[in-house]
Amino acid sequence: MSTQEPLGAQERLVRSTQELLWERGYVGTSPKAILERAGVGQGSMYHHFSGKSELALAAIRRTAEELKQGAESCLGGPGTAYDRIAAYLLRERRVLRGCPIGRMTQDRDVVRSAELRQPLDELFGWLQGRIAEVLAEGQRRGELTAEPAPAAGAAAVAAVVQGGYVLARAADDPAPFDAAVQGVLALLAAQRTPGTRTTG
């Protein structure tokens with residue numbers, strides 16, 4: 001019978017910071033709160049990180065990488081371009097908590113820091129580029145019409161997801177997010193060429 005080894009202090013610090021940034025944002029996440037959540041002493045934090053900013057950067061990078069992997073599991077999956085984008089849009093999300101990376105863009109201290117902002121820019125840039133690749137592939141295969149351009153379509157999909165989070169949080173109800181997703185899926189479905197079949 002195998003036993004799971006307890007997480008080391010550095011890993012607990014990063015995971016705790018990920019959670020707190022999502023819950024409270026950067027400004028609302030204090031070193032004290034991180035230490036309490038992680039269950040480690042101050043010495044452990046400063047042994048692994050120079051301070052809150054460096055720890056937050058590690059946490060944001062980890063979150064961005066996790067979101068990237070989750071998106072790629074859908075966008076790189078089987079099926080037509082429509083199927084793959086639909087899988088991404090319909091994947092399970094904790095809508096009322098908002099996007100853990102999108103939330104960071106609303107934090108003044110994060111946006112003002114080129115270092116902290118970099119993982120956000122990279123993730124959203126990658127996401128739009130990856131969705132554009134899927135749309136372009138669908139056009140090459142004759143699954144989708146030639147218009148709109150893949151880059152424009154990808155920007156619209158990304159904007160619908162982030163805007164849907166905002167609307168859902170404002171209403172304290174996931175319904176606006178779901179409606180936004182269904183709306184963009186309907187627009188995408190209208191671009192499918194006659195005879196294109198989905199796998200779902």
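**Close-up views of a predicted model**

A search of the whole structure finds 12 salt bridges, a salt bridge being a side-chain nitrogen of Lys or Arg within 4 Å of a carboxyl oxygen of Asp or Glu. This is a predicted model, in which local features need pLDDT of at least 70 and side-chain atom pairs count only at pLDDT 80 or more, while totals for chains, interfaces and linings use all residues. Residues are numbered from 1 along each chain as its sequence is written, and side-chain values use heavy atoms, with hydrogens and water left out.

**View 1. The annotated domain at residues 7-67.**
Welcome to the stretch that the unreviewed UniProt entry annotates as "domain: HTH tetR-type", residues 7-67. UniProt positions are given in the numbering used here, feature names are shortened, and annotations may be inferred rather than shown by experiment. Over residues 7-67 the chain is 77% helix and 0% strand. Helices (H or I, at least four residues) and strands (E, at least two) are DSSP runs, numbered from the N terminus.

**View 2. E11 and its two arginine partners.**
Start with E11 and R15, which form a salt bridge whose closest N and O atoms are 2.7 Å apart. Both residues lie in helix α1 (residues 9-24), four residues apart, or about one turn of the helix. E11 also forms a salt bridge with R62, and here the closest N and O atoms are 2.9 Å apart. This second pair links distant parts of the chain, with E11 in helix α1 and R62 in helix α4 (residues 52-75), 51 residues apart. How accessible is E11? E11 has 21% relative accessibility and counts as partly exposed; buried means under 20% relative accessible area, exposed over 50%, and partly exposed in between (1.4 Å probe, protein chains only). R15 is partly exposed at 39%, and R62 is partly exposed at 27%.

The side chains of E72 and R130 meet in a salt bridge, at 2.7 Å from N to O. E72 lies in helix α4 and R130 in helix α7, so the pair ties together parts that are 58 residues apart in sequence. E72 is partly exposed, with a relative accessible area of 29%, whereas R130 counts as buried at 14%. Elsewhere, salt bridges that share partners join E19, E23, R37 and R97 into one network.

L75 is found in helix α4. Is L75 buried or exposed? L75 is buried, with a relative accessible area of 0%. Leaving aside neighbours within four places in sequence, L75 is in contact with R84, I85, Y88, L127, R130, I131 and V134, where contact means heavy atoms within 4.5 Å.

**View 3. Helix α7 and what follows.**
Helix α7 (residues 114-140) has 27 residues and reaches 37 Å from its first C-alpha to its last, close to the 39 Å expected at 1.5 Å a residue. The expected span is 1.5 Å times one less than the number of residues in the helix. Just after α7, G142 takes a positive phi of about 80°. In the loop between α7 and α8 you will find P148. A cis peptide bond joins E147 and P148, with omega about 0°.

**View 6**
A search of the whole structure finds one aromatic pair; rings of Phe, Tyr and Trp (its six-membered ring) pair if their centres lie within 6.5 Å, and planes under 30 degrees apart count as stacked, over 60 as edge-to-face and the rest as tilted. The rings of Y165 and F177 have centres 5.1 Å apart and planes at 50°, so the pair is tilted. Y165 belongs to helix α8 (residues 150-171) and F177 to helix α9 (residues 175-189), 12 residues apart. Both Y165 and F177 are buried. In the loop between α8 and α9 lies D172, whose phi is near 55°, a positive value in a residue other than glycine. D172 counts as exposed, at 60% relative accessibility. Most residues other than glycine have a negative phi, and most peptide bonds are trans.
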